[in-house]
Amino acid sequence: MLHLSGITRAHGEFTVFRRVDLTARPGSACAVVGVNGSGKSTLLRCAVGADYVDEGRVLFDGIDLDESDPAARTAISAVIDDGGVFPHLSVREHLLLIATAHAVGDAEAVVTSALEGLSLTPAADQLPVTLSSGQRRRLMLASAFVRPRRVLVLDEPEQHLDAAGREWLIRTLVAEKDAGVAVLFVSHDAVLVDTVADVVVDADAWR
Ligand SMILES: Nc1ncnc2c1ncn2[C@@H]1O[C@H](COP(=O)(O)OP(=O)(O)OP(=O)(O)O)[C@@H](O)[C@H]1O
């Protein structure tokens, strides 16, 4: 379980959010919604330890999150920023690298399944520079699903996805909940939020 307890983040005089409490529970999805600039991405970065908090605590399984701790790294799967890529590795090679690094048992099969699920099979041997924005987004999302996870953190996962991609996303996030994963996501897609989220947090109320 990932719990944000009274967290505050400021840039100089500008407070992004103040004393926010939020919990991502196993088998449940928490959606963060709000206008541009309301602090949603900053909150997700703090939740995974990619940014620090000025006040409050980020607790993973009841202890302060240490993002370098192997247990936390294995448990928390996140797509927040447009993650970097290796320019000379194909789509399939990226996913195999991630799965293998996380010691996934049948990495080849897991990657093949993710490629099929995300309709990336035809692009499996392409290099990142040759991908469309939607295909690149699909690669970023696939990277979160070819590795172990107990907590899934996604920032606007619907970005660049076509209608079929958004339907895949809804099905997949529901399946993640059914598998006991704690899902925390930011979204501007009302259908995705209404269909998947058990709890909706309004970032517009933070300031
Ligand atoms: N390093 C920084 N220095 C100063 N201000 C920052 C910094 N990073 C973010 N901000 C400000 O913090 C606020 C929250 O940004 P954030 O990216 O978290 O918003 P958001 O809710 O995710 O927005 P969007 O819906 O547009 O993605 C914005 O006003 C932004 O300008």
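User: What stands opposite Leu-152 in strand 8?
Analyst: Val-183 does. The model is predicted, so local features are taken only at pLDDT of at least 70 and side-chain atom pairs only at pLDDT 80 or more, whereas totals for chains, interfaces and linings use all residues. Residue numbers start from 1 along each chain as its sequence is written. Strands (E, at least two residues) and helices (H or I, at least four) are DSSP runs, numbered from the N terminus.

User: How many bridges join strand 7 to strand 8, and which way do they run?
Analyst: Strand 7 (residues 151–155) and strand 8 are joined by 5 bridges and run parallel. Two strands count as paired if DSSP finds at least two bridges between them.

User: What does the chain go through from strand 7 to strand 8?
Analyst: Helix 6 (residues 163–178) makes the link, in a right-handed β-α-β crossover. Right-handed means that, with the strands pointing away from the viewer, the path from the first strand over the helix to the second runs clockwise.

User: And strand 8 itself, buried or exposed?
Analyst: Strand 8 (residues 182–186) is mostly covered, with 5 of its 5 residues buried. Buried means 20 or more other C-beta atoms within 10 Å of the residue's own, exposed means 12 or fewer, and partly exposed lies in between, with C-beta atoms placed from the backbone. Ala-182, Leu-184 and Val-186 are buried on one side of strand 8, and Val-183 and Phe-185 on the other.

User: How is strand 3 joined to strand 8?
Analyst: By 4 bridges, with strand 3 (residues 29–33) parallel to strand 8. Val-32 stands opposite Val-186 there. Strand 3 is also joined to strand 9 by 4 bridges, again parallel, and Val-33 stands opposite Asp-202 in strand 9.

User: What is the strand order of the parallel sheet?
Analyst: 6-7-8-3-9, an open sheet of 5 strands. Strand 6 (76–79) and strand 9 (199–202) are at the edges with a single partner strand each, so one side of each has no neighbour in the sheet. Neighbouring strands are turned by 15 degrees against each other on average, direction ignored.

User: Which strands of it does helix 5 touch?
Analyst: Helix 5 packs on the sheet against strand 6 and strand 7, and its direction makes about 175 degrees with that of strand 6. A contact is two C-beta atoms, placed from the backbone, within 7 Å. Axes are lines fitted to C-alpha atoms, for helices over the stretch in contact, and angles between N-to-C directions run from 0 to 180 degrees.

User: What do the buried residues of helix 3 pack against?
Analyst: Helix 4 and helix 5. The buried residues of helix 3 are Val-91, Arg-92, His-94, Leu-95, Ile-98 and Ala-99. Seen down the axis of helix 3, they fall within an arc of 160 degrees, so they line one face. The arc is taken over the directions from the helix axis to the C-beta atoms. Just after helix 3, Ala-103 has a positive phi of about 60 degrees.

User: Which residues of helix 4 are buried?
Analyst: Val-111, Ala-114 and Leu-115, in a helix spanning residues 107–117. Their arc around the axis is only 100 degrees, which puts them on the same side of helix 4. What covers them includes helix 3 (91–101) and helix 5 (133–145). The face turned away carries the exposed residues Ala-109 and Glu-116.

User: Where is Thr-8?
Analyst: In strand 1. Thr-8 is partly exposed, with 16 other C-beta atoms within 10 Å. Not counting residues up to four places away in sequence, its contacts include Thr-15, Phe-17 and Glu-55.

User: What feature does UniProt place at residues 2–203?
Analyst: The unreviewed UniProt entry gives "domain: ABC transporter" there; positions are in the numbering used here, feature names are shortened, and annotations may be inferred rather than shown by experiment. Over residues 2–203 the chain is 36% helix and 26% strand, with its end C-alpha atoms 18 Å apart.
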